[in-house]
Amino acid sequence: MNFFDWEFAWEILPRLLDASLKTIGITIAGFSIAIVLGLFLAVGRRSRHRWLSWPMTGLIEFIRSTPLLIQVYFLFFVLPNYGFNLTALQAGIIGIALHYACYTAEVYRAGLDAVPRAQWEAVTALNMKPLNAYRKVILPQALRPILPALGNYMISMLKDTPVLSAITVVEIMQRAKNIGSEHFRYLEPITMVGLFFLILSLGLAWFVRRLENRMELAR
Amino acid sequence: MTVQITFFGSLLAIVAALIGALGRLSPIKPLRWLAIVYVEVFRGSSLLVQLFWLYFVLPMPPFNIAMSAFNVAVIGLGLNIGAYGAEVLRGAIRSVHEGQYEACQALNMTAGQRLRRVILPQALLAAIPPGTNLLIELLKNTSLVSLITLSDLAFRARQLDQATLMTLEIFGLALVMYFVLAQIINFSMRTLERRLARGRMRGGMS
């Protein structure tokens, strides 16, 4: 038997690429939800009202220190008992989005904290409403420096999508396992999946680094 | 089981991180390349993929290395977190002030002595807060080993769920248990940091 069967690898490539679209789709969908939700969590956490800031802090800390896998199990196995029937894909996207929303919330928090106090005072002096203040003054300044950090979380999210195979989402990892058990050859499919993630995350990391450089130049 | 894997995994991770970080900063080029490849491969590809690779691919013909699921878990998690740790440690070593290196030279220390007595004690201290995050990451990632049939907390929760159908209680409890474990790590690392930092921060380091 060959060490690495190139013909076999070529043969299964279309099936893996097909499943990789799902992986990429989950990442994009999940991340889009996460960056919006994370912003709300971060703003909520900073709120002056304790009834809002305390539950937000608790939620963020709790989700950040428990495993994604169990959270996804929770969505997929517990919620149906209460009438929320989610498909595996929906549960997966919601789970991963919620998990990463709590991480991005912390990134946003750092960005918001970095906005100089005087800006807040200026907003008060101009008698702006909080919503307007955030939208027109604070956020534009807070967002720019944290873009690279957000990008890094997108990379980790991409690498966490295989976890969803545990609730029967057929993304690239699950597809590779299926191929492996059909042909009783795991070397090629799983190695190729590893390479897929490696190439994609190195590419994204390169992109994030460029972004970082541009941010520094703009300053 | 979860605690065991976290413990042995973190031991391996610390060793791997140390070797990786020293490798990346080594003046010998091949060693540096090797370390870069290690760090990038383990950071760049997904942990679950690595676990599956170790568990499904290694026992097959070209390698014939069959490991128990427990060993796979410890090695996979240890090497994965070790790669992240290597980067943290590299940053920490870099952050040691240049004057310290010059002082070592003035005292005529060998490179080994310098590393052991001056640089590492300071770098390790600086690496504790990000290291804590990595440890918690490791703890959370242990849940993934249930997918290679190891009966850790996550796996037991699934089993109990199938046996009793008390889904909410079981998964809720599992979440709380992970949370408590994470807080324990957090608390003990903070205590450790205070201990080690005693009398040191006053000197004005970093």
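Tutor: The model is a predicted one. The largest nonpolar core has 93 residues, and those touching the most other members are Leu16(A), Tyr73(A), Ile167(A), Ile190(A), Val193(A), Phe52(B) and Leu144(B). Helix α4 of chain A, residues 88–114, contributes the most to this core, with eleven residues. Another core, also of eleven residues, lies apart from it and includes Leu89(B), Ile93(B), Cys104(B) and Leu120(B).

Take Ile190(A) as one member of the largest core. Beyond its neighbours within four places in sequence, Ile190(A) contacts Met173(A) and Ala176(A), and in chain B it contacts Val49(B), Phe52(B), Trp53(B), Phe56(B) and Val57(B).

On the surface, a nonpolar patch is formed by Ile33(A), Leu37(A) and Leu98(A), whose accessible area together is about 210 Å². Ile33(A) sits in helix α1 of chain A, residues 6–46. Its relative accessibility is 40%, so Ile33(A) counts as partly exposed.

For chain A, UniProt lists residues 20–208 in an unreviewed entry as "domain: ABC transmembrane type-1". Over residues 20–208 the chain is 81% helix and 0% strand, with the end C-alpha atoms 21 Å apart.

Two loops remain. In chain A, Asn127(A) lies between α5 (117–125) and α6 (130–160). Its phi is near 60°, a positive value in a residue other than glycine. Asn127(A) counts as exposed because its relative accessibility is 67%. In chain B, Asn108(B) is found in the loop between α5 (98–106) and α6 (111–141). The phi of Asn108(B) is positive, near 60°, and Asn108(B) counts as exposed at 67% relative accessibility.

Notes
Residues numbered from 1 in each chain as written. Chains lettered and ligands numbered in written order. Predicted model: local features only at pLDDT ≥ 70, side-chain atom pairs only at ≥ 80, totals over all residues. Heavy atoms only, no water. UniProt positions renumbered as here; feature names shortened; annotations may be inferred. Helix = DSSP H or I, 4+ residues; strand = E, 2+ residues; numbered from the N terminus. Patch = residues over 30% accessible without salt bridge, like charges linked within 9 Å, V, L, I, M, F, W, Y side chains within 5 Å. Areas by Shrake-Rupley, 256 points an atom, 1.4 Å probe, with all protein chains shown as cover. Salt bridge = Lys/Arg side-chain N within 4 Å of Asp/Glu carboxyl O. Buried < 20%, exposed > 50% of the residue type's maximum accessible area, 1.4 Å probe, protein only. Core = buried A, V, L, I, M, F, W, Y, C linked by side-chain atoms within 4.5 Å. Contact = heavy atoms within 4.5 Å.
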